[in-house]
Amino acid sequence: MKKLWVRLSLALGLVTITAIIIAALLANYQVSTEFRQFVTHGQMVDTMVPELVQYYAAAGSWEGVETVLAALPGQGMGQGQGQGRGMRLGAPSLLLADASGQVLYDSTGTRQGDRLSRSEMASAVPLEWQADTVGYLLPGGRSQSQLPASAQLFLDQVNLSLFQAALIA
């Protein structure tokens, strides 16, 4: 009878530890992904949105906007890096769509001419000029771009806290 009790206790302990590890890994992945998306969104608003709105105001349309996007920080041609589609290593991919949601620019070249879904339009940064939405800017896919040092430090501290909480549990 003692052996059965020991085996059941060990099995329960193993299941509990496995569940804690899985929960910690999932929480870590979710926090890292969402935080990277938050930082990328902030960088887009700070750097890309004013440049793109200024381009639209001067040109009156999005025609030729590829040259502006290629010149923005984190975009454009890498020297032999990326997937052969003009992306720099570590740069976030991005989509530019017109006011109706049709993709005009895709830094990876895979969605050119497609339409943004409703959820994509809801999470995109609206580009506004003279009180009208003239386009949408959206980071494409999951960003694995290099974070600024302060943001990376914050993410490392959050991950350490998750690890410590898992150990305590």
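In the largest nonpolar core, which has 18 residues, those touching the most other members are Leu52, Trp62, Val65, Leu69, Leu96, Leu127 and Leu137. A nonpolar core is a set of buried Ala, Val, Leu, Ile, Met, Phe, Trp, Tyr and Cys residues joined through side-chain atoms within 4.5 Å; buried means under 20% relative accessible area, exposed over 50% and partly exposed in between (1.4 Å probe, protein chains only). The model is predicted, so local features need pLDDT of at least 70 and side-chain atom pairs count only at pLDDT 80 or more, whereas totals for chains, interfaces and linings use all residues. Residues are numbered from 1 along each chain as its sequence is written, and side-chain values use heavy atoms, with hydrogens and water left out.

**Nonpolar cores**
- Two or more residues of this core come from each of α1 (2-59), α2 (65-71), β1 (93-98), β3 (125-129) and β4 (132-140), where helices (H or I, at least four residues) and strands (E, at least two) are DSSP runs numbered from the N terminus.
- Helix α1 supplies the largest share, seven residues.
- Val65 touches Leu52, Tyr55 and Leu96, leaving aside residues up to four places away in sequence; contact means heavy atoms within 4.5 Å.

**Asparagine 159**
- Asn159 is located in helix α4 (residues 149-168) and counts as buried because its relative accessibility is 18%.
- Beyond residues up to four places away in sequence, Asn159 touches Asn28 and Ser32.

**Confidence**
- The chain has a mean pLDDT (the predictor's confidence in each residue, from 0 to 100) of 80, and 83% of its residues reach 70 or more.
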